[in-house]
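Me: Please take one part of this predicted model and look at it closely, then follow with its other elements in one connected account.

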Amino acid sequence: MTLLTWRYSSRQTELVEDEAKFIDLPNSPLWLAYEYPQINPSEDIVARPSSGLVKVFFPLRHPLNQTLEQAQLYWRTNHGPIIRGLAGGSHLKKYFQVHRFEDPIEQQLRAARGTKVPPYTGHAEAWIDRAESGAAAGTPEAKRAGQLAVEDEANFIDFKNSSMWIAKERVVIDRR
């Protein structure tokens, strides 16, 4: 099923009815997105419960004085290169930018789910080694990396209307 041929059917109705049993649909943002891997190592990186890795998930909204396109352009072309350049000092193992794109299907899905809250501009995903970053936290390089990242984020993120959580990944089917 492609975005161009998607049609709402009784199967989607059943799915939405089931989701409503455990999801606050009106207050759960929904968006379609493109993924832009910024730091994508060759090895498989998973923040398993037994590992020292954590995954930071940062759904973000842009300031009202910027359009979606302006914020995403800045995020992709200014912030991305900054984070890639700071990766060593921050002990960032993997970093993805996931940018929302507007499509009629998004509005159809939001309407079907009764979504009332606005979608995010996108979200960032970062995998960090806690042991490495903890050991380096007091170094000038790590402090500077954190400072530069947060200062630059203020150029395209509305922090008050964004969110963040830190997670572990539980792989259900591992084909390696």
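Reply: In helix α5, the residues A142, A145, A149, D152 and E153 are buried, where buried means under 20% relative accessible area, exposed over 50% and partly exposed in between, computed with a 1.4 Å probe on protein chains only. Seen down the axis of α5, these buried residues fall within an arc of 110°, so they line one face of the helix; the arc is that of the directions from the helix axis to the C-beta atoms. The face turned away from this buried side carries the exposed residues P140 and K143. The helix covers residues 140-153, and its 14 residues should span 20 Å at 1.5 Å a residue, which agrees with end C-alpha atoms that are 20 Å apart; the expected span is 1.5 Å times one less than the number of residues. Helices (H or I, at least four residues) and strands (E, at least two) are DSSP runs, numbered from the N terminus.

Residues are numbered from 1 along each chain as its sequence is written. Because this is a predicted model, local features need pLDDT of at least 70 and side-chain atom pairs count only at pLDDT 80 or more, while totals for chains, interfaces and linings use all residues, and side-chain values use heavy atoms, with hydrogens and water left out.

Turning to the strands, five of them form an open sheet in the order β1-β3-β4-β2-β5, with antiparallel pairing, two strands being paired if DSSP finds at least two bridges between them. β1 (32-39) and β5 (165-167) stand at the edges with a single partner strand each, so one side of each is left without a neighbour in the sheet. β3 (residues 92-101) is mostly covered, with nine of its 10 residues buried, and it pairs with β4 (residues 122-129) over seven bridges, K94 standing opposite W127.
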